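Keep the sequence and the coordinates open while reading.

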Amino acid sequence: MSASESSGLRWVGLAGPTASGKTAAALALAERWPVEIISVDSALVYRGMDIGTAKPSLAEQAQVPHHLIDILDPAESYSAAQFVADAERLIGEIRSRGRLPLLVGGTMLYFKALIGGLDALPPADPAVRATLDAEAAEKGWPALHAELAQVDPATATRLAPQDAQRIQRALEVWRVTGQPLSSFHTRDSAAAELPSDHLLLSLEPDNRAWLHARIAERFAQMLQAGLVEEVRTLRARADLHLQLPAMRCVGYRQVWEALDAGLEGPRLNARVLDTGVAATRQLAKRQITWLRSMQRVAIAADQPRATQEVTKCLAERLGSPLHT
């Protein structure tokens, strides 16, 4: 019997806002336990999007098996329902090999869907989405966010005015069903009463300024590593556009928009650094808000021994590490 079986754990999760140190902590756990990593990240699924997603390097991926990375073309879409199906399949396969599934990432909707289940949401309606895209092109997404606030204030409160993908989906649900998206989210309280078959660890900074500094530093490193050229390559494809989920990812959208504005050189880099860091900070804020609504073991990401604390928490649940 493996340590995870004796502890009653089917899987372990490692969540946290962007730039909180999840990858380093996950690799540290992989040095001590026989784990396989399942990515919980809606951007890492896309091929050709490496720099702006802070995708684990090939060397890092070689240290421990990784799953749900580079599985789709950027022209394709990926949903929470697809993630749950893929994650459940992989959890079973990894456990059958006597290894521990370690779910790592910052897409909190995926974590919540896996833990609490999915509500019966209506399918996408291409005609309604096309109408919303046209309205956004004319009035801007903040105007549609204001409309959402009138019909579904609960959802609007947790979305940024420029969060096009989620604003569109919420308004789509409203127009198709006449019901707010928030009315479909009814499973959380029931799920919280179920016996836990997982351990969710979360790296969350006590000092928000620490995270902001890391975000700014990492985004500057992405620009130096060639983020603009990565987006140029994607933008050159006739089948990619800003309305696709992949191109709405933080960083990619800001570079694309700067290129659309005709900016080049230092002006382009300055604009992208400013807008990209601001968008990433907003993403981190939303991630932390999601985490606070979830049952998890929070670990201060900005303490010097954060990675050691993650290891300690898992050791307390699993017992002695299986690797030495």
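Which residues do ring pairs link into a cluster? The model is predicted, so local features need pLDDT of at least 70 and side-chain atom pairs count only at pLDDT 80 or more, while totals for chains, interfaces and linings use all residues. Residues are numbered from 1 along each chain as its sequence is written, and side-chain values use heavy atoms, with hydrogens and water left out.

The cluster consists of Tyr78, Phe83 and Tyr110, joined by ring pairs. Rings of Phe, Tyr and Trp (its six-membered ring) pair if their centres lie within 6.5 Å; planes under 30 degrees apart count as stacked, over 60 as edge-to-face and the rest as tilted. The count of aromatic pairs by this rule is 3. One of them joins Tyr78 to Tyr110, edge-to-face, with 6.1 Å between centres and 70° between planes. Because Tyr78 sits in the loop between β3 (66–67) and α4 (80–96) and Tyr110 in helix α5 (residues 108–116), this pair ties together parts 32 residues apart in sequence. Helices (H or I, at least four residues) and strands (E, at least two) are DSSP runs, numbered from the N terminus.

Tyr110 is buried at 4% relative accessibility, where buried means under 20% relative accessible area, exposed over 50% and partly exposed in between (1.4 Å probe, protein chains only). Tyr78 is also buried, at 12%.

Phe83 and Tyr110 have ring centres 4.7 Å apart and planes at 15°, so their pair is stacked. Phe83 lies in helix α4 and Tyr110 in helix α5, so this contact ties together parts 27 residues apart in sequence. Phe83 is buried, with a relative accessible area of 1%.
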